[in-house]
Amino acid sequence: MQESRGADAASWLHRLLSFRVPGLPLAVVAVAGAALATGVLRVLDQGRALFPAGTVGWSFAVLTGVVVGHLVALGRDRWWGGTGSGAALTLSILLLYGWVPAVLVSLAVVMLVGTARRHRWRQALVHGAIDIIGIGGAALALAAVGTRPSVERPWEPGSWNLYAVPEVVGAACAYLLITRLLLWYCFARRSRGLDRALRTALLRQVLVAVALLGISPLIVVVAVHRPLLLPLFAVPLIALDSTLWIARVRAEEQLRDPLTGLPNRLWLMERAWAALEHADRRGGRSALVLIDLDRFRSVNDTLGHLAGDRLLLQIADRLRTALPREAEAARLGGDEFAVLLPACDSPTSAQRVARTLVAALGSPLDLDGLTLVLEASAGVAVFPDHARSAEGLLRRADVAMYEAKRDRTGVEVYEATRDGNTPDRLGLLADLRRALDAAEVELHYQPKVGFDGRICGLEALVRWVHPERGRVPPDEFIAIAETSGLMPRLTEYVLETALGQVARWRAAGLTVPVAVNVSPRDVRSPGFAGAVAARLARHGVPAGALQLEITEHVLLEDPQRAADTLAALTGHGVKMSLDDFGTGYSSLVHLRRLPVSELKIDRSFVARLAVDAEDAEIVRCTVDLAHSLGLLVVAEGVEDDETWERLRDLGCDAVQGWLVAAAMPAAEATAWLRSRQAGRSPHEIPAVPAPAEESADQPVI
């Protein structure tokens, strides 16, 4: 309930601060102009002076000039910045001489600074008008307690008493509140996140208020007793402005990427929330496009990170140039960028924009005469079609982006049917974590045998029986583990369990090697080879008793790290097997780069070997190729005698499948191993039937 109320309050605050009054700057200027004219005419009509003369007047003029020069040198003002020096000077004159002299000083500061900053006279005009209204509000606060200072009758410190403190505080608060709110509404740029801007602005205005209360009364005292010393107040006033400027720069740095200058993830999320709420109010759509550069890591590995940074700068510039009107870009980190479309007509129009951006980023890039082409993949998610929160939209865009990267389509729009991050799958992920912690995930072992009956080894296959769902297919929970980051934990569990079983078998006189599947993510993990060697040593298992099955995909991303890991593993004596051979798009190329001793022909070719001449020819060529490279060949998915005979005739070295035995729990595998004698004819080896739930297509880990 408290979270709901907090969300409602935050939403209300967003709506309040996002609200804009059409023509408000013009109305402010008109009101301020009328107030200024009325006040000046009244003062002149009464024959009073507009500004103090003599030493005091000239001292204030010099101080004002120094402040103006400092503000001009400081740089362009921001709507949420404000200054402390001009406000402190203005409030001190208001307390001493009333609102008309304070307005004249304020106008001098604002208009001179605005004029010095080229082409900003309109902004200076509105700033001046806002200051006039703020000074008027502070003067009314003083008048409400009976204080009406003027040039002829100053409110001097000698007449101040204990009740003057709340009067000064009230005047300062009225001035700050009015001017900052009007500045917010007139100059607030929609390209900033409201939450962060609100916190930053409030913090800075607290600093301004403290400075005003501390400096303004001191200026009044010096103006009355030692006016020649007034210009010395330029030092603390400039220090105040510099402090606020540094605070502003640091706040901006928190919302900016230091390399490209683009907004960062924090900015994107805050800006996205504001855009979604605006779209929700008007019944429209907003979209988020997530862009990732393909194979950018290879550029860093080949040319170095400095060259990669220079390319990212070019990419950021192209992204800025290609942005449609009102769209905003951000860099989320690495080679990942995002584009927010505050308003879009449909998912199709957002996809069209994404294709334009991807095409712009895919044009050739020049780096010191070297022409590079970096392709990009983009995912699109649309509010409210795909998600109703900024975080949800980013997650959906990330899912779509990975679909585009995987399918090499360039751009994909989010589809719920292709999203594995459903509540049901997330619940299954949590259950899988608990199952691993409680050792409820089992390993089954499927034999690999030669045609002479010799047992070549066992392959460890992971199986999970959920207490409520029953048997969960491996392809389902392994996919969840791969996409969630749980895969290293699952691989660690399988290796630990398998090596423990091998150690027990060896202690019982069964010296059969066991194969364990590892994912590309495992191979790319730093220290993986060392961790495997440490486990072998801890269980007292020789490295030759373990075989790791990999796929060619280990070389598709960060091939150098994968090659180093595989070399380290073989250096420790661990044997490598290439699984699912023939299913990749570049198997022959990768086969030369992988330090494997065994090749496994995928079951998709073996299944139709006896009835499809093309599959039979593929298997024959694969066997000949592997043997020419000195590799053993294992055929997966052997289920009938005819396939057995054909594989033996083609020269295959070993087979694996239901004809020999299905995957068995450790106890059954132990009994199966004990009942087999080396050298027996393979036709004397009775098959262990597969459970009814098993499928020939069951993937393994």
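Is Arg-388 buried or exposed? Arg-388 counts as exposed, because its relative accessibility is 53%; here exposed means over 50% relative accessible area, buried under 20% and partly exposed in between (1.4 Å probe, protein chains only). The structure is a predicted model, in which local features need pLDDT of at least 70 and side-chain atom pairs count only at pLDDT 80 or more, while totals for chains, interfaces and linings use all residues. Residues are numbered from 1 along each chain as its sequence is written, and side-chain values use heavy atoms, with hydrogens and water left out.

The secondary structure comprises 25 helices and 17 strands, taken as DSSP runs (H or I of at least four residues for helices, E of at least two for strands) and numbered from the N terminus. Of the 701 residues, 50% count as buried. The protein exposes about 32400 Å², with carbon and sulfur atoms supplying 57% of that area; accessible areas come from the Shrake-Rupley method with a 1.4 Å probe, and for residues only the protein chains shown count as cover.

Now to the charged pairs. Side chains of opposite charge can pair when their charged atoms come close. The structure holds 19 salt bridges, each defined as a side-chain nitrogen of Lys or Arg within 4 Å of a carboxyl oxygen of Asp or Glu. One of them joins Asp-280 and Arg-388, whose closest N and O atoms are 3.2 Å apart. Asp-280 belongs to helix α10 (residues 265-282) and Arg-388 to the loop between β6 (376-383) and α14 (390-407), so this pair ties together parts 108 residues apart in sequence. Asp-280 is partly exposed, at 44% relative accessibility.

Glu-496 is partly exposed at 27% relative accessibility, whereas Arg-535 is buried at 12%. Elsewhere, salt bridges with shared partners join Glu-459, Glu-549, Lys-600 and Glu-636 into one network.

Two further sites round out the picture. Glu-336 is found in strand β3 (residues 336-344) and counts as buried, at 15% relative accessibility. From Glu-336 to Ile-291 the C-alpha distance is 5.7 Å, although the two are 45 residues apart in sequence. Leaving aside residues up to four places away in sequence, Glu-336 touches Arg-265, Leu-290, Ile-291, Asp-292, Arg-331, Asp-398 and Met-401.

On the surface, Glu-639, Asp-640, Asp-641 and Glu-642 gather in a patch of negative charge. Such a patch is made of residues with over 30% relative accessible area and no salt bridge, like charges being joined within 9 Å. Glu-642 has its place in helix α24 (residues 641-649) and is partly exposed, at 48% relative accessibility.

Terms used. Patches are made of residues with over 30% relative accessible area and no salt bridge: like charges are joined within 9 Å, nonpolar side chains (Val, Leu, Ile, Met, Phe, Trp, Tyr) within 5 Å. Lys and Arg count as positive and Asp and Glu as negative; His and the chain ends are not counted. The place of a charge is taken as NZ of Lys, CZ of Arg, CG of Asp or CD of Glu. Contact means heavy atoms within 4.5 Å.
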